[in-house]
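This report walks through charge pairs, surface patches and backbone details. Keep the structure in view while reading.

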Amino acid sequence: MKNLLKTEVGGKTLSIQTGKVAKQASGSVTVQYGETIVLVSVVSAYEGKTVSFLPLTVEYQEKIYAAGRIPGNYFRREIGRPSEKETLTARLIDRPIRPLFPKKYNYETQVIATVLSMDQENDPDILALIGASTALEISDIPFEGPIASVRVGRIDGELIINPTISECEKSDLNIIVAGSKTGVVMVEGGGNLISEEDMLEAIFFGHKEMQPIIDLQVKLKEIAGVPKRPFTAPEKDEMLVKKVEAAAHSKLREAIVIPEKIKRRTALRNLKSEIFENLGEEYADRREEVYDIFQDLQKTISRELILKEGRRIDNRKFDEIRPITCEVGILPRPHGSALFTRGETQVLGIMTLGSGPDEQRVETLSGEELRPFMLHYNFPPYSVGEVKRIGGPSRRDIGHGGLSTRAIEKVLPDKKDFDYTIRIVSEVLESNGSSSMGTVCSGILALMDGGVPIKSPVSGIAMGLVKEGDDVIILSDILGDEDQAGDMDFKVAGTCDGITALQMDIKIHELSKDIMQKALEQARTGRHFILDKMLEALKEPREEISPHAPKIITIKINPDKIREIIGPGGKTIRAMQSETNTRIEIDDTGLVKIAAVSEKEADAALEMIKEITREPEVGVIYEGTVVKIMDFGAFVQIMPNVDGLVHISQLAPHRVAKVTDIVKEGEKIKVKVLEVKDGKIRLSRKAVIEEKKNG
């Protein structure tokens, strides 16, 4: 097929095809890697909207049929709301392609990526991003691509491209790199305490290995691409621009350098309204145009302050961190809490502990997953002084929560050492730059406050960049306004020994290796500073978990005893749980977990289980009940459902002619265990009598 092209990536064939399906879209392709196939379509309207931003929406859909299964929910179909993985992947596609549309392009544009087949080994997320770039390239939509993406892993010190899902479990590094022909445009992922040098090597290893994919897109565009639709950004009214600049420049500069966010925003808002009103009747119907010019001027002045005057909004040095305060244990009932304040960003971290049934169960293309760690990020409107309707978590909330999860999960204790389900909730109380990294810091302190034995504390920082030609300034701990005016948002989290998570987005076309190296090094210094401030509040995890946390006791029993604990129809285990107010779990190996609100209740349940599962020990004397008389001896129950035989010769020190001369059914007697072999137990009443006589 002339519209099917293939190349080798990571030792496997990657193919891209167009012109076969979804032909009414502006552009569509199917991308295949192994037996994983993703269909990506793009459509852009032909009439612009009266908005000053790019109206781009990206949707990523995982169809359960792709894995050869029927959905497990009640409706047996994909539920409307995207899963967390779908949302995170949609953001993964959106972030690198958004800066590549022309400025002022205001035509509604939609990218839809649909997973059609999933082979359980090759993750479709990178294929969706490759497909989005290719579909845009061959379409008539203006787009300054192509870009490509690969996943980079590292196993036994060796970097590998596109590790399979099973290989990712052995890898100490898992990052997705997106790039153009000449530079990197996005990085997303994390690792197990990866050094800055190793991370940089992995990023540019990925950039090198993605080049055949970019070449493939160029060839496909030559074969199947259509001419780009003409688009010219609306020309500015130079007369209006000059009027706004003349009226606003000096006052705008004064307002921009007000250190406090609310005062600065108020001054800027008032100035914007004042400028518009002073323009008079002639411009009364051009409010949006005036405001756009004002915003552009604000951005220009903000950048000039940094590049020409070497000055930041709040007068900090380029590598200086805002004042930090940390408090722990501020909430009495949750199992751990911390308040992290950095400048005008403030995050409350709350940690709660649970047992096995509290784990999150998630249906994915790879099957059902159990997640013993959850982090939920909340960004209420009051945190930025706004009024908005409160609904479910937004894509931004899920994205920030995903980044914070990756940063923290690497240092959580192993399940065998700390058998709890852990949930962290991040409540952003104030926001002025990098609430996601504030979430990491408050979450770690909440874990430590709750007595969770983490392997090492983690801190996080957001880095910014302002670049004009050869002039490059890297900013540590950026403010929200610096993010809006700058060219990069680079978040790095890690311990004192290495990186656990990072996320880089840029607004320019690409980033060089030198700039990334400087940014990573400056981030390391800032991260360590923040970590020192955190440890001043709490140096290490508390020795004990909260008294309000559930108590979990684990015991191993003989698997043959499982049915006795459960009882007929679950009667026995339900009765134990009801009587002791506990939750009891048993797996097929005989591992029993008891979760209780109090230690007393947990101990009560433990004793009941021990009583049911107790095994007879040789040499130990038990009081039992005679349950059956035979000519050759008596069967005595020494534990629930455990019988042993007292042979007639072991009933008494003297010769016994008839068993019933010594014992009767229902009688309680003391017996000693002589032998346990092949499930049979030999008991002796005679040994007890002789022991008592001699002792």
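Contacts of serine 117 come first. Serine 117 touches Glu35, Thr36, Ile37 and Ala66, leaving aside residues up to four places away in sequence. The residue sits in strand 6, which spans residues 107-117. Valine 38 lies 79 residues from serine 117 in sequence, yet the two C-alpha atoms are 7.1 Å apart. The model is predicted, and every value here is computed from it.

**Salt bridges**

The whole structure holds 54 salt bridges.

| Acidic residue | Basic residue | N to O distance |
| Glutamate 188 | Arginine 406 | 1.9 Å |
| Aspartate 358 | Arginine 583 | 3.1 Å |
| Glutamate 691 | Lysine 672 | 2.8 Å |

Take the pair of glutamate 188 and arginine 406, with closest N and O atoms 1.9 Å apart. This pair links distant parts of the chain, 218 residues apart. Glutamate 188 belongs to strand 10 (residues 184-194), and arginine 406 to helix 9 (residues 395-409). Are glutamate 188 and arginine 406 buried or exposed? Both are buried.

Next comes the salt bridge between aspartate 358 and arginine 583, at 3.1 Å. Aspartate 358 lies in the loop between strand 13 (345-354) and strand 14 (360-364), and arginine 583 in strand 23 (residues 582-586), so the pair ties together parts that are 225 residues apart in sequence. Aspartate 358 has a relative accessibility of 35% and counts as partly exposed. Arginine 583 is also partly exposed, at 33%.

The side chains of lysine 672 and glutamate 691 meet in a salt bridge of 2.8 Å, N to O. Glutamate 691 is partly exposed, with a relative accessible area of 40%.

Salt bridges also join into a network. Its members are Arg312, Asp314, Arg316, Arg322, Arg342, Asp477 and Glu482.

**Backbone details**

Aspartate 477, one of the residues in that network, has a positive phi of about 55 degrees although it is not a glycine. Where is aspartate 477? Its place is the loop between strand 19 (471-476) and helix 11 (480-485). Why does aspartate 477 count as buried? Its relative accessible area is 1%, and buried means under 20%.

Asparagine 315 also has a positive phi, near 65 degrees, and is a residue other than glycine. Asparagine 315 lies in the loop between helix 8 (287-309) and strand 11 (324-328).

Which peptide bond is cis, with omega near 0 degrees? The bond from glycine 145 to proline 146 has this form. Proline 146 is placed in the loop between helix 2 (125-138) and strand 7 (148-155).

**Surface patches**

A patch of negative charge gathers on the surface. Its residues are Glu540, Glu543, Glu544, Glu599, Asp603 and Glu607. Aspartate 603 is found in helix 15, residues 599-613. With a relative accessible area of 35%, aspartate 603 is partly exposed.

A nonpolar patch also lies on the surface, formed by Tyr74, Phe75 and Ile79. Together these residues have about 440 Å² of accessible area. Isoleucine 79 sits in the loop between strand 5 (56-62) and helix 1 (84-97). Its relative accessible area is 54%. Isoleucine 79 therefore counts as exposed, the cut-off being over 50%.

**Contacts of lysine 415**

Lysine 415 is in the loop between helix 9 and strand 17 (421-430). Lysine 415 counts as partly exposed, at 30% relative accessibility. Which residues does lysine 415 touch, not counting those up to four places away in sequence? The contacts are Glu359, Pro372, Tyr420 and Thr421. Lysine 415 and proline 372 are 43 residues apart along the chain, and their C-alpha atoms are separated by 8.6 Å.

Terms used. Residues are numbered from 1 along each chain as its sequence is written. This is a predicted model: local features need pLDDT of at least 70, side-chain atom pairs count only at pLDDT 80 or more; totals for chains, interfaces and linings use all residues. Side-chain values use heavy atoms; hydrogens and water are left out. Patches are made of residues with over 30% relative accessible area and no salt bridge: like charges are joined within 9 Å, nonpolar side chains (Val, Leu, Ile, Met, Phe, Trp, Tyr) within 5 Å. Accessible areas come from the Shrake-Rupley method with a 1.4 Å probe; for residues, only the protein chains shown count as cover. A salt bridge is a side-chain nitrogen of Lys or Arg within 4 Å of a carboxyl oxygen of Asp or Glu. Lys and Arg count as positive and Asp and Glu as negative; His and the chain ends are not counted. The place of a charge is taken as NZ of Lys, CZ of Arg, CG of Asp or CD of Glu. Helices (H or I, at least four residues) and strands (E, at least two) are DSSP runs, numbered from the N terminus. Buried means under 20% relative accessible area, exposed over 50%, partly exposed in between (1.4 Å probe, protein chains only). Contact means heavy atoms within 4.5 Å.
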